[in-house]
Amino acid sequence: MSYGVNIINMSFDDQCGSTTMGTYDNLCKYIDSIIEETEVSIVAVSGNTSYDVTSPGMSYNAITVGSFDDKNTTTINPCDDILSAFSGYWEDPAYYYRKHPEKPDILAPGQRITVSGLPDGIPTDGPYRVSSGTSFAAPQVSGTLAQLMYVSNNLKYRPSLSKALINVSAKYKIDDSSFTVSGMDKYSDTEGAGKLSARNAAWVLASGRYKYYLGGTSTFPSSPSIPFTVLSSDQMIRVALAWEKREGVDISNLNLKVVTSDNTVVSSQSVYNNVEVIEFTLPELNLYGRGTYYIIIERNSGTGIEWLSVAWY
């Protein structure tokens, strides 16, 4: 931290035993406290264990990355992309009784990645090798954030804004039916917000479609609400909220709502996450045409101040 870094990529995990997987252990707590104290964005892997997320991937404040197989095509293609069989994920089966976040937050390509180095030290493949794993997916998220921070200082020292921006700009999910039971209808239990899209993230940042501000007891529900304009050409609306878990206290339970131009309310209401995502198409709600929509943030539990980050696409 003393070198002034803004992003740390953690392409490693702690697999000391099955008891540490899928749990909010001491390493996760330490990572969360580091992010809160230094405001550095930390990107972690979900691990290569299929159904389990390794530590520190269960950290609330980290951006946890799983892997998908893009079949070596040049575009994100819904016809051939598949979730990597090894990609770790976690949705607590006792969700309402244990206080663990749902992970991963995002997917990035992690199969058949060409990297420098030799396979097991045997010099048979020249200076490069092809390998797979979430350790190769996470750096793509870190690299995207690094480029975005180079363009705009607004992302530096704002890890919750980094997470909101990455989530709101994600591409489609492979299995759009794999939703959680927590009320956050557009956050997949295996894929999080979906697939990383650096281009979409850059567009959201350049368009100024985000807000970072301090929320306190007197500002919930968010007052004033955050307005944004929907054009007649818009089809899909996505809004993401992220906030930091504070050391020594339970995660605050915040709800995200969008009020449309005809006063229809769309909401995302999970319990033990520090991210909420809303996604809907205008035809789904029988909405056609432009208008002003409003973002509202409510707090069901928690006290004190909250650094809130909202982005919309």
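## A first look at the chain

Strands E8 and E15 (residues 306-312) pair in the antiparallel sense, with 6 bridges between them; strands pair here if DSSP finds at least two bridges between them. What you're looking at is a predicted model, where local features need pLDDT of at least 70, side-chain atom pairs count only at pLDDT 80 or more, and totals for chains, interfaces and linings use all residues. Residues are numbered from 1 along each chain as its sequence is written, and side-chain values use heavy atoms, with hydrogens and water left out.

**The whole chain**

- The chain has 4 helices and 15 strands, which are DSSP runs numbered from the N terminus (helices are H or I, at least four residues; strands are E, at least two).
- Of its 313 residues, 54% count as buried, meaning under 20% relative accessible area with a 1.4 Å probe, protein chains only (exposed is over 50%, partly exposed in between).
- Take the contacts (heavy atoms within 4.5 Å) between residues at least 6 apart in sequence: 73% of them join residues at least 24 apart.

**The open sheet**

- E8 and E15 belong to an open sheet of 4 strands, in the order E8-E15-E10-E13, with antiparallel pairing.
- At the edges sit E8 (210-215) and E13 (275-281), each pairing on one side only.
- From one strand to the next, the twist averages 15 degrees.
- Which residue in E15 is the bridge partner of Tyr 213? That's Leu 308.
- Helix H3 (residues 159-168) lies across E8, E10 (236-243), E13 and E15, and runs at about 160 degrees to E10; such angles run from 0 to 180 degrees between N-to-C directions, using axes fitted to C-alpha atoms, for helices over the stretch in contact.

- E6 pairs with E7 (residues 128-131) in the antiparallel sense over 4 bridges, and Ser 116 stands opposite Tyr 128.

**Nonpolar cores**

- The largest nonpolar core has 32 residues, and Val 43, Ile 106 and Leu 155 are among those with the most contacts inside it; a core is a set of buried Ala, Val, Leu, Ile, Met, Phe, Trp, Tyr and Cys residues joined through side-chain atoms within 4.5 Å.
- Helix H2 (residues 134-151) gives this core its largest share, 6 residues.
- Apart from that core lies another, of 30 residues, including Tyr 60 and Leu 308.
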